[in-house]
Amino acid sequence: MRTTIKSVVPNAEEAISYGMPAHKYHGPLVYFAAYKNYIGFYATPSGHKAFAKELINYKQGKGSVQFPLGEPMPYRLIERIVKFRAEENLAKANVK
């Protein structure tokens with residue numbers, strides 16, 4: 001997950017936030033965490049809303065999605081979500 005995020009936004013700052021790995025780029029970018037049966041991915045509500053159709057087959061919560069460990073990780077989709085969030089954060093930063 002970390003490698004995928006850094007491949008899209010190499011300048012993203014790594015941190016621990018809410019007790020899990022986080023990446024920041026002009027504000028919070030994405031978070032992720034490993035659990036017993038899945039990887040939790042948190043791209044704030046906007047990242048999940050923008051890709052709702054593609055995430056429909058995954059269990060979700062408000063601002064979170066669960067990628068089961070027994071299934072292939074959707075890295076291309078994760079890349080697209082991270083890119084979307086980075087562009088969204090950059091646009092907000094440029095407005096300020």
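Phe-41 is buried, at 0% relative accessible area; buried means under 20% relative accessible area, exposed over 50%, and partly exposed in between, with a 1.4 Å probe and protein chains only. Before going on, a word on the model: it is predicted, so local features need pLDDT of at least 70, side-chain atom pairs count only at pLDDT 80 or more, and totals for chains, interfaces and linings use all residues. Residues are numbered from 1 along each chain as its sequence is written, and side-chain values use heavy atoms, with hydrogens and water left out.

Back to the aromatic rings. Rings of Phe, Tyr and Trp (its six-membered ring) pair if their centres lie within 6.5 Å; planes under 30 degrees apart count as stacked, over 60 as edge-to-face, and the rest as tilted. How many aromatic pairs does this rule give? The count is five. One of them joins Phe-41 and Phe-67, a tilted pair with 6.0 Å from centre to centre and 40° between the planes. Phe-41 sits in strand β4 (residues 38-42) and Phe-67 in strand β6 (residues 64-68), so this pair ties together parts that are 26 residues apart in sequence. Phe-67 is buried too, with a relative accessible area of 1%. Phe-67 also pairs with Tyr-58, this time edge-to-face, at 5.0 Å between centres and 85° between planes. Tyr-58 is buried, as is Phe-67.

Now the whole chain. The protein has four helices and six strands, in the order α-β-β-β-β-α-α-β-β-α from the N terminus. Its radius of gyration is 13 Å, close to the 12 Å that the globule rule gives for 96 residues, so the protein is as compact as a globular protein of that length. That radius is taken over C-alpha atoms, and the globule rule is 2.2 Å times the number of residues to the power 0.38. Helices (H or I, at least four residues) and strands (E, at least two) are DSSP runs, numbered from the N terminus. The C-alpha trace spans about 40 × 25 × 25 Å along its principal axes. Of the 96 residues, 41% are buried.

Next, contacts, meaning heavy atoms within 4.5 Å. Among contacts with a separation of 6 or more, 49% are between residues 24 or more positions apart. Thr-4, in helix α1 (residues 2-8), gives a local example. Is Thr-4 buried or exposed? Thr-4 counts as buried, at 10% relative accessibility. Apart from its neighbours within four places in sequence, Thr-4 is in contact with Tyr-75, Ile-78 and Glu-79.

Last, the loops. Gly-19 is in the loop between β1 (13-17) and β2 (20-24), and is exposed at 71% relative accessibility. Its C-alpha atom is 9.9 Å from that of Phe-32, which is 13 residues away along the chain. Tyr-18 is found in the loop between β1 and β2, and is exposed with a relative accessible area of 71%. Tyr-18 has a phi near 55°, a positive value in a residue other than glycine. Where is His-26? His-26 lies in the loop between β2 and β3 (28-34). His-26 has a positive phi of about 55°, although it is not a glycine, and is partly exposed at 47% relative accessible area.
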